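Here is a short note for a colleague opening this structure for the first time. Please read the points in order, with the model in view.

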Amino acid sequence: MTRQALSRRLLSLLAGLALLLVPLGTSLALAPTASAAPGIVVDLLTVPTSAQPGQSVGASARVRSTSGTVNVQAVTIAVRNTSGAQFDFPGATSAAVPTTGYTFTAGSRTFAAGTYDAFVAVQISGTWYNLDPHRSFTVGGASSGVVVDSLTLPTAAPGQSVTASAKLHATSTTVAVQAVTIAARNGSGAAFDFPGAKSASIPTSGYTFTSAARTFDAGSYDVFVAVQVNGTWFNLDPHRILTTTASNPVTFSQEFNGNAGGNANSGLGRTVWFTDPCWKNADSCNNTTVQYRDDHAVQDGSNLVITADTKPDTSQKCGPNVCTHASARLTMRDWSKQGAPTFEQAGGHWEARMQLPLGQGLWPAFWTIGNPSTGQEWPTIGEIDIMENIGTKDAANVVHQTIHYGSPDVNWGTSATVPSGDVSGWHTYAIDWDNSTNGHITWSIDDQPVRTITAAQANAKQAGLWSAIQSHPQSIIVDLAVGGWAGPPPSGAMSKQMKVDYIRVYKNAMR
Ligand SMILES: [Ca+2]
């Protein structure tokens, strides 16, 4: 019923506009002719529908590249009156428009009473392109007597059941609405309204409406509050764009739920992890005195347990040094193949849930490193330290987050604290690496963002740094080192455990 009523209102609005335009004749000359911009399409354009003269209103659009990421010098929402005079929304901005879509939200402005034509315009290589579709809106029409204070939309994945809510109030006296609902339209205007429309008495003191739940297919939707008063439907500003994006596939996962006693690869069905032989090299893995061995990384049925102890094989040296400890350092780099990794990826969401040991000289870490089989070497191939802890050199709740890339090594790090407790508790350490031209890397702990570096900041740090980050896929290392940066361990017998519940990598950044 809501859908039909709204469609009727849309038809009557269009009929009204046609009547308005016909006597004026040359409608094509009044509205700029749309021309296709190279590779940019508009999936959705939302414009005001209930604006009164002098009321501040906004607009937004969802645009998408048809092939690769397109850099536009400016994207804006242009507005013309019936005489062709320009009343564009403010807030034009440059943008990198990916194939997955980009939402542009214009700044707000006011309009005099009248009818307006709105469309998205983009500037590429100095040329402006006016894009279809065009939307008409009228300022100064009949008012419902109700305004929307806020419209809250869910974050929705395709097929996920979600609700929406809105706060409204009457402008002068209580308004009895026959129905209030939250409407949703796709780019073709087809209705996908949230269910749960109901009658309500809306006072000046405010009223909150929460819809019932529904699912959406992948796409973008124009969402707004609609109220029916005395038989007439009013579509109320503001409009919001709801975008449901395809689910983010997991590209690598080791849950470490294999058989108790199994090695790090148990449950994977293939060999992904190798014991890093770096301890035999000249710098013995960053000048540590720890010997890495397969038998020090063992699953317990739900976690990987890496044990650092004082039981090395003393017949073998750690580089030039006598090994004092044994532990494990797992790498995806296969040194029988020049270090080619069993898994690598540029960008995405990388996450591990871990419980670290506390103690002097311990250096647990979850980090990534580039591919040396390309012929390039560190630091050119890159390194992202998602989490490093250096034992008692810091407070027990401190971890370090660093990138090594570029030439010379940018060695760009900082520290953060876990949101609660200390590192001996279970925490999730993650990065979201948006590898697009204007992307970023955001570190988070327990889903709380703690550090972001943007492409612009990276390039300001060192010319070309973001391009270096973009072009070097990474693989994972997880280890429990002893000594090195963490300083010497105490003398005497020691046995410390680090647990890893899981390590997961997703194709796309989540923030
Ligand atoms: Ca697990």
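How many bridges pair strand E27 with E28, and in which sense do the two strands run? Point 3 takes this up.

1. **What kind of model this is.** This is a predicted model: local features need pLDDT of at least 70, side-chain atom pairs count only at pLDDT 80 or more, and totals for chains, interfaces and linings use all residues. Residues are numbered from 1 along each chain as its sequence is written. The mean pLDDT (the predictor's confidence in each residue, from 0 to 100) is 90 for the chain. Of its residues, 93% reach 70 or more. Residues 1-34 stay under 50. For that stretch the model has 35 contacts beyond four places in sequence. Where pLDDT is low, the predicted coordinates should not be read in detail.

2. **Overall layout.** The C-alpha trace spans about 95 × 50 × 40 Å along its principal axes. The secondary structure comes to 5 helices and 35 strands. Both are DSSP runs numbered from the N terminus: helices are H or I with at least four residues, strands are E with at least two. Three domains are assigned: domain 1 (31-141), domain 2 (143-247) and domain 3 (250-506). These bounds come from an automatic or database domain assignment. The C-alpha centres of domain 1 and domain 3 lie 46 Å apart. Contacts here mean C-beta atoms, placed from the backbone, within 7 Å. Among contacts between residues at least 6 apart in sequence, 68% join residues at least 24 apart.

3. **Strand E28 and its partners.** Strand E27 (residues 362-369) pairs with E28 in the antiparallel sense, over 5 bridges. Two strands count as paired if DSSP finds at least two bridges between them. In this pairing, Ile369 stands opposite Glu383 in E28. E28 is also joined to strand E29 (residues 398-404) by 4 bridges, again antiparallel. There, Asp385 faces Thr402 in E29. Strand E28 (residues 383-388) is mostly covered, with 5 of its 6 residues buried. Buried means 20 or more other C-beta atoms within 10 Å of the residue's own; exposed means 12 or fewer; partly exposed is in between, with C-beta atoms placed from the backbone.

4. **The sheet E1-E2-E5.** This is an open sheet of 3 strands with antiparallel pairing. Strand E1 (40-46) and strand E5 (102-105) have a single partner strand each, so one side of each lacks a neighbour in the sheet. The twist averages 25° from one strand to the next. Such angles run from 0 to 180 degrees between N-to-C directions, with axes fitted to C-alpha atoms. E1 and strand E2 (residues 60-65) share 6 bridges. Val42 stands opposite Val63 in E2.

5. **The sheet E8-E9-E12.** Here, too, 3 strands form an open antiparallel sheet. Which strands stand at its edges? They are strand E8 (146-152) and strand E12 (207-210), each pairing on one side only. The average twist is 25° from one strand to the next. Strand E9 (residues 165-170) is joined to E12 by 4 bridges. Ala166 stands opposite Phe209 in E12.

6. **Nonpolar cores.** A nonpolar core is a set of buried Ala, Val, Leu, Ile, Met, Phe, Trp, Tyr and Cys residues joined through C-beta atoms within 7 Å. The largest has 69 residues. Those with the most contacts inside it include Ile386, Phe366 and Tyr429. Beyond four places in sequence, Ile386 touches residues including Trp350, Phe366, Tyr429 and Trp443. A second, separate core of 62 residues includes Val70, Ile77, Phe137 and Val146. Over the chain of 511 residues, 42% count as buried.

7. Is Ala308 buried or exposed? Ala308 is buried, because 27 other C-beta atoms lie within 10 Å. Ala308 is found in strand E19 (residues 304-309). Its contacts beyond four places in sequence include Val290, Leu362 and Lys496. Ala308 and Met498 are 190 residues apart in sequence, yet 8.3 Å apart in space, C-alpha to C-alpha. Thr454 lies in strand E33 (residues 448-454). Thr454 counts as partly exposed, with 15 C-beta neighbours inside 10 Å. Its C-alpha atom is separated by 6.5 Å from that of Ile441, 13 residues away along the chain.

Key. Two residues are in contact if their C-beta atoms, placed from the backbone, lie within 7 Å.
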